[in-house]
Amino acid sequence: MPDPLEQFLIEYVDAVGGLADEIEPQVYDVLMPDAATPQRIAFDPDALPEHPSAQLLTFGSALLDELLARAQQRGQIGLAFLDDAHLQPHALAQRITRDLVLPEAITLRIENIRPLYVTHSVFWFEVTYLGEEKEQALFPLAIDRYYVRPVRYLNELLNGERLNDTRRWSFADAKALPPDQAYVAAREGIVRTVRAEINTRQHQTQTHLAEQTARMKKYYADLRAELDERIKKANARGDETESLRLRQDALNREEQLRLDDLGRKAKIRVQIKLVNLLHIKIPRLFIRTHVAAKPRSVPVIRPGSLTLTWDPFTEKTDALACPNCQRPTFELQVNHFGVLHCAECNPGKVKS
Ligand SMILES: [Zn+2]
């Protein structure tokens, strides 16, 4: 199996348009596009005596840190297509009626179906917890920018095997939430996740803090008791007690300082930073339907048309946006004014 660092160097140099020439096993001459002369890089420390000008590329080396930082910089924002999908599902109308729960009184008629690319944005947030010790974690979060909903299934597809850097189809993009607003939505999502994590950590830290505080108070109480005893004895002997009293004051101050310090360390601070962003365009079938009332039910249905979407990757109808309150739903109802709504809202009731 090739050395992962060697693999990384070869792929990185290729991606930036440089050249890597293996002059002997584990020793390369690398010419970066922005450099005038090649740089000799060795993976094997034993090769260094023979190649004194070579830089060693190992885990923890400054050279690796630099290459990783540059590689990450390059990949900060990317665009990819995930479009090796089958766009003509069999019996789509039946599948839609199976996925959705619609009121008895209405009929849906498909007027047209067209594929559009839906833009998804995957935000990678680096979260740093600063407490007793520093810890970092990376959270990816994907947002469907047509519906403005988080999507979970993308994480499995991010290994890159199915992502392409060019589009396969010529159809247009669906309307998408602007990137800055998508960022705000993603950030709210990550803050919710991180808040739950902090509560757990804060609880552990508080328990730990209570134990440490109790231990420290006991320690100082013992010291004070010992000092009191000495003062008592000194008094009995008629010796001076001034220095012992000063020692008592110093002890009290020291205890307070150390307790404050414990309290400060037990507070967790969090930093959230966006490190990478990948926009992925994925085809979706947009299905425009005409909604009509069945005979002898409600007179007119509003709205008279609904746009549904079918996801060829999950092979499911997406939750539709409730025509009345915009919340995602799989079930529509109709009130006696003929207004379509979800189970969460009822326009007939709201107005009364
Ligand atoms: Zn609703």
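How many helices and how many strands are there in the protein? The protein has seven helices and 15 strands, where helices (H or I, at least four residues) and strands (E, at least two) are DSSP runs, numbered from the N terminus. The model is predicted: local features need pLDDT of at least 70, side-chain atom pairs count only at pLDDT 80 or more, and totals for chains, interfaces and linings use all residues. Residues are numbered from 1 along each chain as its sequence is written.

The overall form comes next. The radius of gyration of the protein is 33 Å, well over the 20 Å that the globule rule gives for 352 residues, so the protein is more spread out than a compact globule. This radius is taken over C-alpha atoms, and the globule rule is 2.2 Å times the number of residues to the power 0.38. Taken along the principal axes, the box filled by the C-alpha atoms is roughly 110 × 75 × 30 Å. Of the 352 residues, 17% are buried. A residue is buried if 20 or more other C-beta atoms lie within 10 Å of its own, exposed if 12 or fewer, and partly exposed in between, with C-beta atoms placed from the backbone. Among contacts with a separation of 6 or more, 60% are between residues 24 or more positions apart; two residues are in contact if their C-beta atoms, placed from the backbone, lie within 7 Å.

Two helices may now be considered together. The axes of helix α5 (residues 179-237) and helix α6 (residues 242-265) come within 10 Å and cross at roughly 180 degrees. Axes are lines fitted to C-alpha atoms, for helices over the stretch in contact, and angles run from 0 to 180 degrees between N-to-C directions. Helices α5 and α6 are therefore roughly antiparallel to each other, a term for angles over 145 degrees. The residues of this contact comprise 11 nonpolar, three polar and five charged. Here Ala, Val, Leu, Ile, Met, Phe, Trp, Tyr, Cys and Pro count as nonpolar, Asp, Glu, Lys and Arg as charged, and the others, Gly among them, as polar. The α5 side includes L209, Y220 and R230, and the α6 side includes L244, E255 and L262.

V27 stands opposite A42 in β3. Strand β3 also runs parallel to strand β4 (residues 55-56), joined by two bridges, and the bridge partner of I41 in β4 is Q55.

Because M32 has 18 C-beta neighbours inside 10 Å, M32 counts as partly exposed. Beyond its neighbours within four places in sequence, M32 is in contact with V16 and G18. M32 and Q94 are 62 residues apart in sequence and 57 Å apart in space, C-alpha to C-alpha.

Q26, in the loop between β1 (19-24) and β2, has a phi near 70 degrees, a positive value in a residue other than glycine. Q326, in the loop between β12 (320-321) and β13 (328-329), has a positive phi as well, near 75 degrees. With 13 C-beta neighbours inside 10 Å, Q326 counts as partly exposed. Finally, the peptide bond from R302 to P303 is cis, with omega near -5 degrees, and P303 is found in the loop between β9 (269-293) and β10 (305-311).

Notes:
Angles under 35 degrees count as roughly parallel, over 145 as roughly antiparallel, 65 to 115 as roughly perpendicular and the rest as oblique. Two strands pair if DSSP finds at least two bridges between them.
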